[in-house]
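Dear colleague,

I am passing on the structure we spoke about, together with some notes on what turned up in it. Please read them with the coordinates open beside you.

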Amino acid sequence: MVTVANFTSDLEQIRCVAGFRGTNRKITSFSIIDTPEILDWLHGGEFVVDSGYITFHNPSILKGFVASLKEKGCAALGVKLHRYHNEIPNIILEDGNKLDFPIYELPYNLYFCDFAYTIHKRMFEEQLDEMYHVSIAYKDIVDSLSKYKVPERMLSELSLVLKNPVFLTNSRFELIDYSYGPNDNFSSHTPPPHPIPIPNPKKSPSPKSNPQESWIGLDENMRQKLLKKYQQQPYQFHHFSIDGSNGETNCTMLYSGNIDGDAAFLVIPEINKLEDWHYKVIKDISALFQLTACNKINTQDFAASVIMAQSNSTDTILRYCKMYNFDYAKQRICLAVELNNSMSISSTRRYIIRDIFASITSWITNTYGCKVFFLKTHTHYVLYLLFSNDVSQETAEYQAAESAKKIHQFFGRDNISTLIGISLYASDPQQISKAFFQAIDAINLGQKLYPAEYVFLFRTIQVYQWLSTMPQENLTEMYMETVEPLCRASNADVNYVQVLRAYIENHYNISKTASDLHIHRNTMMNYMARIQELLPYNIGQPENRLKLQIGIHAMYLLDKQNES
């Protein structure tokens, strides 16, 4: 930006004689007073010069002339001396000081063409400098996007360029994404302190909850005013102020296209004042958010059309699988990953999380040779492990469990806790959606049953899921008819339920069970005889053994419900 002060510093022969405090006004052009109606020809930003001819022969126009120049947005007034005016009229000097509007003496030998040349040369150099800054910033941002393939990266890069936070919001001014640039801290789950209001992280959302957070800096009245401004001038910058912990903060807003069918806006709180070239960068980059959003919605569309739509026909599922290159012919296991406090993750941390998942998928592919289909729903990161048909169920489940441990290990390095659910092994296309919900159910029920664990196999909690759907009285009745007598008879020396459970887990092998419990085989025989005495049915019959197994699971589920 060329101001009166930095322009006139190059011209030693002119001198400021009034309105010294206004020399920071911006110059955009040059104009000569060549008609009494000069005010009608001014549009703002001009350094106005007067040869004296018009004002000397029309002195009445001087009254209020400086005020009119300032109202028009002009930069300064220069008066040439010793042709018509030997000195600048007092009314000009007085109004200049009163209104802080700069008044300059111009020497008689100053050529107006040289004056105009100097202004335009300085402005051209300034524009070249701005264009250089803009081109470098634009190149860095686009190169970053091309390299990392992550749209959110642009927010972080833009924030670094502007030296301010950058918010991407929808038309309700709910946060879609945000970045603090250099203040982003990947190891922290909460946004750093800032003089503007930031949304609090939400608690663990359900799969159907809205992931967006309201930006609480705007009330409804302000929101409606901004939307009205946008509708009147959709491609212009709009400015407003919000109250923060450090007082009022000025904000700049610009429409950046439609994302998911809704208008999106870039909002920049000016913690540091934006320079002129910053606005050009914002304008150039804003359109890219809409383009990159199109790339971003692919897996969201697959998730909505295949994973969440459990009632779709096989033909519909296969069509979407082909569209998004999901190999539906392979055996598969679904891993659902839930990150602690994922709602508070800023854009900088999001693209690092993407990099971590890229490393994980590469590790799985290189280690086990299976394909990985990665996507993100509103609440979870999802990996489908696609196995060749010659991989057994046991091997696939082992590899899925090891992959889950590796995920936990990778994120643990950055102090991010994870909960990971693992579905059953399946190949039917209709099971693609079911596998996702199995993994979610494994997390939701698994963390209640095994709060110290972080990896949950649906296969191990499937019976608990089934039992959890039963009415409480039926669950209690099942417990009373099976293992309740064993609980009542247990004491400090022996837990008959634990003995029976070990016996079942060892496939009813007395010797193996005795070894696992570190007791003599005869002692184990005595325990089993006592258990048979306590129960009113033959525990050797297959249907009664199944009944006891279910009774043990019912007891465990009731215990966990009572703890809750």
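Lys163 is exposed, with a relative accessible area of 59%. Before going further, please bear in mind that this is a predicted model. Lys163 sits in the loop that runs between helix H6 (152–162) and strand E6 (166–169), and its phi is positive, at about 60°, although Lys163 is not a glycine. As background, most residues other than glycine have a negative phi. Asn325 likewise has a positive phi, near 60°, without being a glycine; Asn325 is placed in the loop between helix H9 (314–323) and strand E12 (331–339), and with a relative accessibility of 67% Asn325 counts as exposed.

**Nonpolar cores**

Which residues have the most contacts inside the largest nonpolar core? They are Phe302, Tyr384 and Ile531, in a core that has 60 residues. Helix H12 (residues 431–449) supplies the largest share of this core, namely nine residues, and at least three residues are drawn from each of domain 3 (297–457) and domain 4 (469–560). Setting aside residues up to four places away in sequence, Phe302 touches Ile307, Tyr320, Cys321, Tyr324, Phe326, Phe373 and Leu375. Another core lies apart from this one and has 28 residues, among them Ile333, Ile360, Leu383 and Phe387.

**Helix pairs**

On the H16 side, the residues in contact are Tyr496, Val499, Leu500 and Tyr503, which meet Met524, Tyr527, Met528, Arg530, Ile531 and Leu534 of H18. By class, the residues of this contact between H16 and H18 comprise nine nonpolar, no polar and one charged. Ile531, which takes part in this contact, is also one of the residues with the most contacts inside the largest nonpolar core.

The other pair is H12 with helix H13 (residues 458–468), whose axes come within 9 Å and cross at roughly 75°, an angle that makes H12 roughly perpendicular to H13. Here Gln438, Asp441, Ala442, Leu445, Gly446 and Leu449 of H12 meet Phe458, Ile461, Tyr464 and Gln465 of H13. The contact of H12 with H13 divides into six nonpolar, three polar and one charged residues.

Once its neighbours within four places in sequence are left aside, Ser403 is in contact with Leu335, Trp363, Ile364, Tyr368 and Leu385.

Ala358, by comparison, belongs to helix H10 (residues 347–368) and counts as partly exposed, at 38% relative accessibility. The C-alpha atoms of Ala358 and Phe374 are separated by 8.9 Å, with the two residues 16 residues apart along the chain.

With best wishes

Conventions
Residues numbered from 1 in each chain as written. Predicted model: local features only at pLDDT ≥ 70, side-chain atom pairs only at ≥ 80, totals over all residues. Heavy atoms only, no water. Contact = heavy atoms within 4.5 Å. Helix = DSSP H or I, 4+ residues; strand = E, 2+ residues; numbered from the N terminus. Nonpolar A, V, L, I, M, F, W, Y, C, P; charged D, E, K, R; others polar. Core = buried A, V, L, I, M, F, W, Y, C linked by side-chain atoms within 4.5 Å. Buried < 20%, exposed > 50% of the residue type's maximum accessible area, 1.4 Å probe, protein only. Domains from an automatic or database assignment. Axes fitted to C-alpha atoms, helices over the stretch in contact; angles between N-to-C directions. Parallel < 35°, antiparallel > 145°, perpendicular 65-115°, else oblique.
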